[in-house]
Amino acid sequence: MASILSALLCLGLSLDQRARVQAGTLPKPTLSAEPGSVIPYGSPVTLWCQGTPEAQMFHLYKKGNPVVWNTPSPWKPTNKAKFSITRMTDHDAGRYHCNYLSPTGWTGHSDPLELVVTGYYHEPRLSALPSPVVTSGGNVTLECSSWQGFHRFILTKEGDHRLSWTQDTQPQPRESSRAKFSVGPVTPSHRWTFRCYGCYRESLQVWSPPSDALELLVPGESGKPSLLSQQGPIVASGQSLTLQCRSDVGYDRFALHKEGERDLPQSLVLQPQAGLSQALFPLGTVSSSHGGRYRCYGGYKLSSKWSTPSDPLDILVAGHLPDRPSLSVQPGPRVASGVNVTLLCQSQSPRDTFLLSKEGAADPSLCLRSKHPARQNQAEFSMSPVTSAHWGTYRCYSSHSSSPFLLSLPSDPLELLVSGAADTLSPSPNRSDLTMTSLSTSHPQDYTVGNSIRMGVAGLVLVVLGVLLFEAQNSLRRTHDAART
(Lines give C-alpha, C1' and ligand atoms only; values in the text may rest on other atoms or scores of the structure.)
Protein backbone atom coordinates (compact mmCIF):
# COMPACT_ATOMS: atom_id res chain seq x y z
CA MET A 1 0.00 0.00 0.00
CA ALA A 2 3.05 2.23 0.56
CA SER A 3 3.66 2.21 -3.21
CA ILE A 4 0.07 3.27 -3.88
CA LEU A 5 -0.47 6.03 -1.37
CA SER A 6 1.74 9.01 -0.62
CA ALA A 7 3.13 8.45 2.87
CA LEU A 8 4.86 10.58 5.43
CA LEU A 9 5.97 9.66 8.92
CA CYS A 10 4.17 11.45 11.74
CA LEU A 11 7.53 12.51 13.16
CA GLY A 12 8.46 14.02 9.81
CA LEU A 13 5.59 16.51 9.83
CA SER A 14 6.48 20.06 10.73
CA LEU A 15 3.39 21.48 12.33
CA ASP A 16 2.75 24.45 14.53
CA GLN A 17 2.22 23.30 18.11
CA ARG A 18 -0.38 25.98 18.73
CA ALA A 19 -2.51 24.61 15.85
CA ARG A 20 -2.52 21.16 17.50
CA VAL A 21 -3.82 22.67 20.71
CA GLN A 22 -6.83 24.04 18.83
CA ALA A 23 -7.75 20.64 17.26
CA GLY A 24 -10.72 20.06 19.49
CA THR A 25 -12.46 23.26 18.34
CA LEU A 26 -12.91 22.10 14.71
CA PRO A 27 -15.62 19.71 13.36
CA LYS A 28 -14.18 16.25 12.82
CA PRO A 29 -14.32 14.76 9.31
CA THR A 30 -16.20 11.68 8.12
CA LEU A 31 -14.48 8.68 6.56
CA SER A 32 -16.24 6.41 4.03
CA ALA A 33 -15.35 3.66 1.57
CA GLU A 34 -16.45 3.24 -2.04
CA PRO A 35 -17.97 0.88 -3.19
CA GLY A 36 -18.17 -0.27 0.43
CA SER A 37 -16.16 -1.30 3.43
CA VAL A 38 -16.31 -5.07 2.68
CA ILE A 39 -14.10 -5.70 -0.36
CA PRO A 40 -13.26 -8.99 -2.13
CA TYR A 41 -9.61 -9.89 -2.36
CA GLY A 42 -7.88 -8.19 -5.34
CA SER A 43 -10.62 -5.59 -5.91
CA PRO A 44 -10.08 -1.79 -5.74
CA VAL A 45 -11.47 0.47 -3.05
CA THR A 46 -11.43 4.21 -2.47
CA LEU A 47 -11.45 5.90 0.94
CA TRP A 48 -12.93 9.39 1.15
CA CYS A 49 -12.19 11.81 4.00
CA GLN A 50 -14.82 14.56 4.06
CA GLY A 51 -14.11 17.84 5.85
CA THR A 52 -14.98 21.52 5.57
CA PRO A 53 -14.29 23.67 2.44
CA GLU A 54 -11.31 25.39 4.04
CA ALA A 55 -9.44 22.10 4.63
CA GLN A 56 -5.82 22.37 3.41
CA MET A 57 -4.46 18.85 4.00
CA PHE A 58 -5.87 15.43 4.92
CA HIS A 59 -4.21 12.56 6.79
CA LEU A 60 -5.27 8.92 6.79
CA TYR A 61 -4.27 6.62 9.65
CA LYS A 62 -4.43 2.84 10.01
CA LYS A 63 -4.43 1.33 13.48
CA GLY A 64 -1.18 -0.45 14.22
CA ASN A 65 0.64 1.19 11.31
CA PRO A 66 3.09 4.05 12.05
CA VAL A 67 2.80 5.37 8.49
CA VAL A 68 0.45 8.30 7.78
CA TRP A 69 -0.96 8.88 4.29
CA ASN A 70 -1.52 12.51 3.32
CA THR A 71 -3.02 14.22 0.30
CA PRO A 72 -0.41 14.97 -2.39
CA SER A 73 -1.31 18.66 -2.76
CA PRO A 74 -1.06 20.33 0.65
CA TRP A 75 -2.28 23.84 1.33
CA LYS A 76 -4.83 23.74 -1.49
CA PRO A 77 -8.29 24.30 0.01
CA THR A 78 -10.77 21.46 -0.59
CA ASN A 79 -13.53 19.74 1.34
CA LYS A 80 -12.53 16.09 0.80
CA ALA A 81 -9.61 13.85 -0.03
CA LYS A 82 -9.35 10.60 -1.94
CA PHE A 83 -7.13 7.67 -0.91
CA SER A 84 -7.08 4.76 -3.38
CA ILE A 85 -6.20 1.11 -2.91
CA THR A 86 -5.99 -0.55 -6.32
CA ARG A 87 -5.80 -4.16 -5.12
CA MET A 88 -7.20 -5.12 -1.75
CA THR A 89 -5.24 -7.66 0.33
CA ASP A 90 -5.13 -8.72 3.96
CA HIS A 91 -2.36 -6.14 4.56
CA ASP A 92 -4.83 -3.36 3.70
CA ALA A 93 -7.57 -4.66 5.97
CA GLY A 94 -7.90 -2.92 9.32
CA ARG A 95 -9.30 0.05 11.23
CA TYR A 96 -8.85 3.49 9.64
CA HIS A 97 -9.55 7.09 10.64
CA CYS A 98 -8.63 10.48 9.18
CA ASN A 99 -8.33 14.18 10.05
CA TYR A 100 -7.54 17.42 8.19
CA LEU A 101 -5.72 20.70 8.60
CA SER A 102 -7.62 24.00 8.43
CA PRO A 103 -6.43 27.60 8.88
CA THR A 104 -7.17 27.24 12.58
CA GLY A 105 -5.33 23.95 13.07
CA TRP A 106 -5.77 20.15 12.93
CA THR A 107 -9.13 18.59 13.60
CA GLY A 108 -9.86 15.59 15.73
CA HIS A 109 -9.99 12.09 14.22
CA SER A 110 -13.01 10.83 12.32
CA ASP A 111 -15.02 7.90 13.60
CA PRO A 112 -13.17 4.67 12.77
CA LEU A 113 -13.87 2.77 9.55
CA GLU A 114 -13.46 -1.02 9.51
CA LEU A 115 -12.08 -1.99 6.10
CA VAL A 116 -12.60 -5.72 5.49
CA VAL A 117 -11.16 -8.02 2.85
CA THR A 118 -13.05 -11.21 1.92
CA GLY A 119 -11.99 -14.32 0.03
CA TYR A 120 -9.65 -16.04 2.45
CA TYR A 121 -10.23 -19.56 3.81
CA HIS A 122 -13.38 -21.48 2.69
CA GLU A 123 -16.92 -20.16 2.53
CA PRO A 124 -19.35 -21.20 5.31
CA ARG A 125 -22.88 -22.55 4.86
CA LEU A 126 -26.00 -20.57 5.74
CA SER A 127 -29.28 -22.34 6.49
CA ALA A 128 -32.65 -21.55 8.06
CA LEU A 129 -34.12 -23.37 11.05
CA PRO A 130 -36.56 -24.99 10.83
CA SER A 131 -37.25 -23.82 7.26
CA PRO A 132 -36.65 -20.85 4.93
CA VAL A 133 -40.41 -20.71 4.32
CA VAL A 134 -41.75 -18.37 7.03
CA THR A 135 -45.29 -17.19 7.71
CA SER A 136 -45.80 -13.43 7.66
CA GLY A 137 -44.89 -11.96 11.04
CA GLY A 138 -42.97 -15.06 12.09
CA ASN A 139 -39.41 -15.43 13.35
CA VAL A 140 -36.70 -17.74 12.06
CA THR A 141 -33.23 -18.81 13.17
CA LEU A 142 -30.38 -18.58 10.68
CA GLU A 143 -27.38 -20.83 11.28
CA CYS A 144 -23.93 -20.15 9.83
CA SER A 145 -21.64 -23.17 10.01
CA SER A 146 -18.25 -24.30 8.74
CA TRP A 147 -15.91 -27.25 9.07
CA GLN A 148 -13.19 -24.69 9.78
CA GLY A 149 -12.79 -23.50 13.36
CA PHE A 150 -13.81 -19.86 12.88
CA HIS A 151 -14.01 -17.78 16.05
CA ARG A 152 -16.71 -15.45 14.74
CA PHE A 153 -19.44 -15.35 12.08
CA ILE A 154 -20.88 -12.25 10.44
CA LEU A 155 -24.41 -12.24 9.00
CA THR A 156 -25.30 -9.60 6.41
CA LYS A 157 -28.69 -8.66 4.97
CA GLU A 158 -28.78 -7.37 1.42
CA GLY A 159 -30.84 -4.36 0.44
CA ASP A 160 -30.88 -0.57 0.33
CA HIS A 161 -29.71 -0.39 3.94
CA ARG A 162 -27.08 -3.10 4.39
CA LEU A 163 -27.33 -4.57 7.86
CA SER A 164 -24.94 -6.91 9.64
CA TRP A 165 -24.75 -8.89 12.87
CA THR A 166 -21.79 -10.62 14.50
CA GLN A 167 -21.84 -13.68 16.70
CA ASP A 168 -19.03 -15.55 18.40
CA THR A 169 -19.05 -19.22 17.52
CA GLN A 170 -20.09 -22.12 19.70
CA PRO A 171 -17.40 -24.75 20.30
CA GLN A 172 -18.00 -27.85 18.19
CA PRO A 173 -16.25 -31.22 17.90
CA ARG A 174 -13.68 -31.89 15.17
CA GLU A 175 -12.77 -28.20 14.88
CA SER A 176 -16.06 -27.26 13.22
CA SER A 177 -17.86 -24.07 14.17
CA ARG A 178 -21.35 -22.60 14.01
CA ALA A 179 -23.38 -19.64 15.23
CA LYS A 180 -27.11 -18.90 15.28
CA PHE A 181 -28.87 -15.60 14.54
CA SER A 182 -32.50 -14.85 15.38
CA VAL A 183 -34.29 -12.93 12.60
CA GLY A 184 -37.78 -11.46 12.59
CA PRO A 185 -40.54 -10.61 12.48
CA VAL A 186 -40.42 -11.43 8.77
CA THR A 187 -42.90 -9.64 6.50
CA PRO A 188 -43.43 -9.70 2.71
CA SER A 189 -42.91 -5.92 2.41
CA HIS A 190 -39.28 -6.37 1.29
CA ARG A 191 -36.79 -9.09 0.48
CA TRP A 192 -35.01 -11.03 3.19
CA THR A 193 -31.77 -12.13 1.54
CA PHE A 194 -28.77 -13.04 3.70
CA ARG A 195 -25.16 -14.18 3.45
CA CYS A 196 -22.65 -15.01 6.16
CA TYR A 197 -18.85 -14.92 6.59
CA GLY A 198 -16.35 -16.44 9.02
CA CYS A 199 -13.18 -14.99 10.56
CA TYR A 200 -10.60 -15.57 13.30
CA ARG A 201 -10.08 -13.36 16.36
CA GLU A 202 -6.45 -12.71 15.39
CA SER A 203 -7.55 -10.96 12.18
CA LEU A 204 -11.13 -9.76 12.55
CA GLN A 205 -11.01 -7.77 9.29
CA VAL A 206 -9.97 -10.78 7.15
CA TRP A 207 -13.11 -12.74 6.25
CA SER A 208 -13.94 -15.88 4.34
CA PRO A 209 -15.77 -15.76 1.00
CA PRO A 210 -19.52 -15.24 1.48
CA SER A 211 -21.87 -18.17 1.83
CA ASP A 212 -24.42 -18.76 -0.89
CA ALA A 213 -27.27 -16.30 -0.63
CA LEU A 214 -30.29 -17.48 1.36
CA GLU A 215 -33.63 -15.78 0.73
CA LEU A 216 -36.47 -16.25 3.18
CA LEU A 217 -39.82 -16.89 1.52
CA VAL A 218 -43.08 -15.51 2.88
CA PRO A 219 -46.00 -17.22 1.07
CA GLY A 220 -48.62 -14.85 -0.32
CA GLU A 221 -52.08 -15.17 -1.80
CA SER A 222 -51.47 -15.11 -5.57
CA GLY A 223 -52.28 -18.12 -7.74
CA LYS A 224 -50.47 -21.30 -6.84
CA PRO A 225 -48.26 -22.97 -9.45
CA SER A 226 -48.19 -26.69 -10.25
CA LEU A 227 -45.24 -28.99 -9.59
CA LEU A 228 -44.50 -32.22 -11.43
CA SER A 229 -41.66 -34.63 -12.07
CA GLN A 230 -40.64 -35.29 -15.65
CA GLN A 231 -39.70 -38.84 -14.61
CA GLY A 232 -42.88 -39.47 -12.60
CA PRO A 233 -43.28 -39.64 -8.82
CA ILE A 234 -41.41 -42.98 -8.49
CA VAL A 235 -37.76 -42.80 -9.55
CA ALA A 236 -34.91 -45.30 -9.36
CA SER A 237 -31.54 -44.79 -7.70
CA GLY A 238 -29.02 -43.63 -10.30
CA GLN A 239 -31.67 -42.06 -12.53
CA SER A 240 -31.55 -38.32 -13.27
CA LEU A 241 -34.33 -36.24 -11.73
CA THR A 242 -35.76 -32.91 -12.88
CA LEU A 243 -38.75 -31.14 -11.30
CA GLN A 244 -40.82 -28.64 -13.24
CA CYS A 245 -42.75 -25.75 -11.69
CA ARG A 246 -45.19 -23.92 -13.95
CA SER A 247 -48.08 -21.49 -13.84
CA ASP A 248 -50.37 -19.48 -16.10
CA VAL A 249 -50.07 -16.42 -13.82
CA GLY A 250 -46.90 -15.14 -15.52
CA TYR A 251 -44.28 -15.40 -12.77
CA ASP A 252 -40.68 -14.71 -13.77
CA ARG A 253 -39.01 -16.78 -11.04
CA PHE A 254 -39.80 -19.89 -9.05
CA ALA A 255 -38.51 -21.35 -5.79
CA LEU A 256 -38.45 -25.03 -4.85
CA HIS A 257 -38.62 -26.26 -1.27
CA LYS A 258 -38.25 -29.76 0.07
CA GLU A 259 -39.99 -30.40 3.39
CA GLY A 260 -37.42 -30.49 6.19
CA GLU A 261 -34.67 -28.84 4.15
CA ARG A 262 -32.96 -25.64 5.26
CA ASP A 263 -32.24 -24.05 1.87
CA LEU A 264 -34.38 -22.76 -0.97
CA PRO A 265 -33.18 -23.33 -4.56
CA GLN A 266 -34.44 -20.75 -7.05
CA SER A 267 -34.64 -20.68 -10.82
CA LEU A 268 -35.55 -18.05 -13.38
CA VAL A 269 -38.36 -18.72 -15.82
CA LEU A 270 -37.67 -20.31 -19.19
CA GLN A 271 -39.11 -18.72 -22.31
CA PRO A 272 -42.90 -18.69 -21.71
CA GLN A 273 -44.84 -21.02 -23.98
CA ALA A 274 -48.58 -20.96 -24.72
CA GLY A 275 -49.14 -18.51 -21.87
CA LEU A 276 -47.36 -20.71 -19.31
CA SER A 277 -44.34 -19.63 -17.30
CA GLN A 278 -42.17 -22.49 -16.13
CA ALA A 279 -38.82 -23.30 -14.57
CA LEU A 280 -36.83 -26.52 -14.35
CA PHE A 281 -34.98 -27.70 -11.27
CA PRO A 282 -32.37 -30.35 -12.20
CA LEU A 283 -31.70 -32.30 -9.01
CA GLY A 284 -28.96 -34.52 -10.42
CA THR A 285 -28.56 -38.27 -10.01
CA VAL A 286 -31.16 -39.81 -7.73
CA SER A 287 -30.03 -41.03 -4.32
CA SER A 288 -31.83 -41.66 -1.06
CA SER A 289 -31.51 -37.97 -0.15
CA HIS A 290 -33.92 -37.03 -2.98
CA GLY A 291 -36.85 -38.85 -1.42
CA GLY A 292 -39.31 -36.46 0.19
CA ARG A 293 -42.15 -33.99 -0.21
CA TYR A 294 -41.66 -30.96 -2.45
CA ARG A 295 -43.55 -27.71 -3.08
CA CYS A 296 -42.81 -24.75 -5.35
CA TYR A 297 -43.66 -21.05 -5.31
CA GLY A 298 -43.94 -18.38 -7.99
CA GLY A 299 -42.65 -14.83 -7.70
CA TYR A 300 -41.32 -11.77 -9.51
CA LYS A 301 -37.71 -10.58 -9.75
CA LEU A 302 -38.59 -7.02 -8.78
CA SER A 303 -40.89 -7.98 -5.91
CA SER A 304 -40.47 -9.61 -2.53
CA LYS A 305 -43.89 -11.28 -2.69
CA TRP A 306 -44.43 -14.98 -3.42
CA SER A 307 -47.42 -17.09 -4.37
CA THR A 308 -49.24 -19.67 -2.32
CA PRO A 309 -47.46 -23.05 -2.44
CA SER A 310 -48.17 -25.64 -5.09
CA ASP A 311 -49.83 -28.89 -4.11
CA PRO A 312 -47.22 -31.22 -2.58
CA LEU A 313 -45.32 -33.64 -4.80
CA ASP A 314 -43.94 -36.79 -3.19
CA ILE A 315 -40.76 -38.16 -4.78
CA LEU A 316 -40.33 -41.86 -4.00
CA VAL A 317 -36.95 -43.53 -4.52
CA ALA A 318 -37.22 -47.16 -5.62
CA GLY A 319 -34.40 -49.63 -5.10
CA HIS A 320 -33.18 -48.26 -1.78
CA LEU A 321 -34.34 -51.46 -0.06
CA PRO A 322 -32.85 -54.58 -1.70
CA ASP A 323 -35.90 -56.87 -1.57
CA ARG A 324 -38.44 -57.34 -4.36
CA PRO A 325 -42.04 -58.06 -3.26
CA SER A 326 -44.45 -60.25 -5.21
CA LEU A 327 -47.78 -59.08 -6.64
CA SER A 328 -50.75 -61.40 -7.29
CA VAL A 329 -54.42 -60.90 -8.11
CA GLN A 330 -57.63 -62.59 -7.04
CA PRO A 331 -59.73 -63.96 -8.63
CA GLY A 332 -57.36 -63.68 -11.62
CA PRO A 333 -55.70 -61.33 -14.12
CA ARG A 334 -58.64 -61.51 -16.59
CA VAL A 335 -61.94 -60.35 -15.14
CA ALA A 336 -65.25 -58.94 -16.27
CA SER A 337 -66.27 -55.39 -15.55
CA GLY A 338 -68.15 -55.16 -12.25
CA VAL A 339 -66.26 -57.94 -10.45
CA ASN A 340 -64.51 -57.28 -7.12
CA VAL A 341 -60.74 -57.65 -7.52
CA THR A 342 -58.01 -57.76 -4.88
CA LEU A 343 -54.29 -57.22 -5.50
CA LEU A 344 -52.02 -58.81 -2.90
CA CYS A 345 -48.49 -57.46 -2.33
CA GLN A 346 -46.20 -59.66 -0.23
CA SER A 347 -42.63 -59.22 1.00
CA GLN A 348 -40.15 -61.78 2.30
CA SER A 349 -38.55 -59.09 4.52
CA PRO A 350 -40.05 -57.33 7.54
CA ARG A 351 -42.04 -54.43 6.07
CA ASP A 352 -45.01 -52.48 7.43
CA THR A 353 -45.88 -50.28 4.45
CA PHE A 354 -46.74 -51.18 0.86
CA LEU A 355 -47.40 -49.09 -2.21
CA LEU A 356 -49.27 -49.96 -5.40
CA SER A 357 -48.68 -48.05 -8.61
CA LYS A 358 -50.24 -48.22 -12.04
CA GLU A 359 -48.04 -47.79 -15.09
CA GLY A 360 -48.55 -44.45 -16.84
CA ALA A 361 -50.71 -42.98 -14.08
CA ALA A 362 -49.71 -39.41 -13.24
CA ASP A 363 -52.36 -39.02 -10.57
CA PRO A 364 -50.74 -39.52 -7.13
CA SER A 365 -54.03 -40.99 -5.87
CA LEU A 366 -53.12 -44.16 -7.78
CA CYS A 367 -50.24 -44.68 -5.37
CA LEU A 368 -51.80 -46.14 -2.24
CA ARG A 369 -50.41 -47.31 1.05
CA SER A 370 -51.68 -50.01 3.35
CA LYS A 371 -50.47 -51.09 6.78
CA HIS A 372 -51.28 -54.41 8.39
CA PRO A 373 -51.87 -54.37 12.14
CA ALA A 374 -50.43 -57.85 12.58
CA ARG A 375 -47.32 -56.92 10.55
CA GLN A 376 -47.54 -60.01 8.32
CA ASN A 377 -45.48 -58.37 5.58
CA GLN A 378 -48.32 -58.13 3.08
CA ALA A 379 -51.06 -55.76 2.00
CA GLU A 380 -54.30 -56.09 0.05
CA PHE A 381 -55.56 -53.45 -2.37
CA SER A 382 -59.22 -53.83 -3.39
CA MET A 383 -60.95 -52.63 -6.56
CA SER A 384 -64.64 -52.67 -5.86
CA PRO A 385 -66.05 -53.02 -8.45
CA VAL A 386 -63.52 -53.17 -11.27
CA THR A 387 -64.13 -50.94 -14.31
CA SER A 388 -62.40 -50.26 -17.62
CA ALA A 389 -60.34 -47.60 -15.86
CA HIS A 390 -58.56 -50.35 -13.92
CA TRP A 391 -57.25 -52.00 -17.10
CA GLY A 392 -53.45 -51.67 -17.01
CA THR A 393 -50.10 -52.83 -15.66
CA TYR A 394 -49.43 -52.72 -11.92
CA ARG A 395 -46.38 -52.99 -9.68
CA CYS A 396 -46.02 -52.85 -5.93
CA TYR A 397 -43.28 -51.77 -3.54
CA SER A 398 -42.54 -52.27 0.15
CA SER A 399 -41.12 -49.73 2.60
CA HIS A 400 -40.85 -48.77 6.27
CA SER A 401 -43.27 -46.28 7.80
CA SER A 402 -40.26 -44.56 9.40
CA SER A 403 -38.87 -43.71 5.93
CA PRO A 404 -41.91 -43.79 3.62
CA PHE A 405 -40.15 -42.16 0.65
CA LEU A 406 -37.56 -44.93 0.30
CA LEU A 407 -38.92 -48.02 -1.46
CA SER A 408 -37.88 -51.55 -2.33
CA LEU A 409 -37.28 -52.79 -5.84
CA PRO A 410 -40.54 -53.06 -7.82
CA SER A 411 -42.42 -56.33 -8.06
CA ASP A 412 -42.69 -58.03 -11.42
CA PRO A 413 -45.39 -56.31 -13.50
CA LEU A 414 -48.93 -57.66 -13.35
CA GLU A 415 -51.32 -56.89 -16.20
CA LEU A 416 -54.98 -56.66 -15.32
CA LEU A 417 -57.36 -57.25 -18.26
CA VAL A 418 -61.00 -56.24 -17.92
CA SER A 419 -63.45 -57.88 -20.34
CA GLY A 420 -66.33 -55.77 -21.57
CA ALA A 421 -63.82 -52.97 -22.06
CA ALA A 422 -62.62 -53.83 -25.58
CA ASP A 423 -63.53 -50.36 -26.78
CA THR A 424 -61.33 -48.77 -24.13
CA LEU A 425 -58.04 -50.58 -24.43
CA SER A 426 -56.28 -47.40 -23.33
CA PRO A 427 -58.32 -46.35 -20.30
CA SER A 428 -57.91 -42.97 -18.72
CA PRO A 429 -55.31 -42.99 -15.93
CA ASN A 430 -57.07 -40.17 -14.12
CA ARG A 431 -59.74 -42.31 -12.53
CA SER A 432 -59.39 -44.97 -9.87
CA ASP A 433 -61.71 -46.76 -7.50
CA LEU A 434 -58.84 -48.42 -5.66
CA THR A 435 -59.42 -48.71 -1.95
CA MET A 436 -57.27 -50.03 0.88
CA THR A 437 -58.57 -52.90 2.96
CA SER A 438 -57.34 -54.65 6.08
CA LEU A 439 -55.16 -57.65 5.36
CA SER A 440 -56.35 -61.22 5.56
CA THR A 441 -54.63 -64.59 5.35
CA SER A 442 -57.63 -66.15 3.60
CA HIS A 443 -57.98 -65.97 -0.21
CA PRO A 444 -61.12 -65.58 -2.38
CA GLN A 445 -62.35 -68.59 -4.42
CA ASP A 446 -60.30 -68.99 -7.62
CA TYR A 447 -62.81 -68.45 -10.38
CA THR A 448 -63.89 -65.61 -12.72
CA VAL A 449 -66.88 -64.72 -14.79
CA GLY A 450 -64.50 -64.60 -17.75
CA ASN A 451 -63.56 -68.25 -17.21
CA SER A 452 -67.25 -69.27 -17.08
CA ILE A 453 -67.94 -67.45 -20.32
CA ARG A 454 -65.01 -69.13 -22.06
CA MET A 455 -66.18 -72.57 -20.81
CA GLY A 456 -69.70 -71.90 -22.06
CA VAL A 457 -68.43 -70.82 -25.46
CA ALA A 458 -66.25 -73.94 -25.69
CA GLY A 459 -69.24 -76.17 -24.83
CA LEU A 460 -71.37 -74.47 -27.47
CA VAL A 461 -68.64 -75.02 -30.07
CA LEU A 462 -68.54 -78.74 -29.19
CA VAL A 463 -72.34 -79.02 -29.56
CA VAL A 464 -72.23 -77.32 -32.98
CA LEU A 465 -69.40 -79.60 -34.09
CA GLY A 466 -71.44 -82.64 -32.92
CA VAL A 467 -74.49 -81.53 -34.88
CA LEU A 468 -72.40 -80.96 -38.00
CA LEU A 469 -70.77 -84.37 -37.61
CA PHE A 470 -74.17 -86.03 -37.18
CA GLU A 471 -75.51 -84.32 -40.32
CA ALA A 472 -72.43 -85.33 -42.28
CA GLN A 473 -72.84 -88.95 -41.27
CA ASN A 474 -76.52 -88.95 -42.31
CA SER A 475 -75.62 -87.39 -45.66
CA LEU A 476 -73.04 -90.08 -46.34
CA ARG A 477 -75.53 -92.83 -45.40
CA ARG A 478 -78.19 -91.46 -47.76
CA THR A 479 -75.66 -91.23 -50.58
CA HIS A 480 -74.54 -94.83 -49.98
CA ASP A 481 -78.12 -96.11 -49.99
CA ALA A 482 -78.87 -94.29 -53.23
CA ALA A 483 -75.88 -95.87 -54.90
CA ARG A 484 -77.02 -99.41 -53.95
CA THR A 485 -80.45 -98.87 -55.43
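The structure on your screen is a predicted model, in which local features need pLDDT of at least 70 and side-chain atom pairs count only at pLDDT 80 or more, while totals for chains, interfaces and linings use all residues. Residues are numbered from 1 along each chain as its sequence is written, and side-chain values use heavy atoms, with hydrogens and water left out.

**The whole chain**

Start with everything selected and coloured by secondary structure: the chain has two helices and 36 strands, where helices (H or I, at least four residues) and strands (E, at least two) are DSSP runs numbered from the N terminus. Of the 485 residues, 42% are buried, a word that stands for under 20% relative accessible area, with exposed meaning over 50% and partly exposed in between (1.4 Å probe, protein chains only).

**The disulfides**

When the bonded cysteines are numbered in sequence order, their pairing is 1-2, 3-4, 5-6, 7-8.

Go to Cys 245 and Cys 296, which are joined by a disulfide with an S to S distance of 1.9 Å. Cys 245 lies in strand S21 (residues 240-247) and Cys 296 in strand S25, so this pair ties together parts that are 51 residues apart in sequence. The link is right-handed, with 70° about the S-S bond, and Cys 245 is buried at 0% relative accessibility, as Cys 296 is at 0%.

Now select Cys 144 and Cys 196, whose sulfur atoms are 2.0 Å apart in another disulfide. This pair links distant parts of the chain, with Cys 144 in strand S12 (residues 138-146) and Cys 196 in strand S17 (residues 193-199), 52 residues apart.

Then move to Cys 345 and Cys 396, a disulfide with its sulfur atoms 2.1 Å apart. Here Cys 345 sits in strand S29 (residues 341-346) and Cys 396 in strand S33 (residues 392-400), 51 residues apart.

**The salt bridges**

Show the charged side chains next, because a salt bridge is a side-chain nitrogen of Lys or Arg within 4 Å of a carboxyl oxygen of Asp or Glu; the structure holds twelve of them.

Select Arg 95 and Glu 114, which meet in a salt bridge of 2.6 Å, N to O. Arg 95 lies in strand S8 (residues 94-102) and Glu 114 in strand S10 (residues 113-118), so the pair ties together parts that are 19 residues apart in sequence. Arg 95 is partly exposed, at 36% relative accessibility, and Glu 114 is partly exposed at 27%.

Continue to Asp 314 and Arg 293, a salt bridge whose closest N and O atoms are 2.7 Å apart. Asp 314 belongs to strand S26 (residues 313-321) and Arg 293 to strand S25 (residues 292-299), so parts 21 residues apart in sequence are tied together.

Finally, select strands S2, S4 and S7, which form an open sheet of three strands in the order S2-S4-S7, with antiparallel pairing; two strands pair if DSSP finds at least two bridges between them. Strand S2 (30-34) and strand S7 (78-85) stand at the edges, each with a single partner strand, so one side of each is left without a neighbour in the sheet. Five bridges join S2 to strand S4 (residues 45-55), and Ser 32 has Trp 48 as its bridge partner in S4.

Methods
Disulfide = S-S within 2.5 Å.
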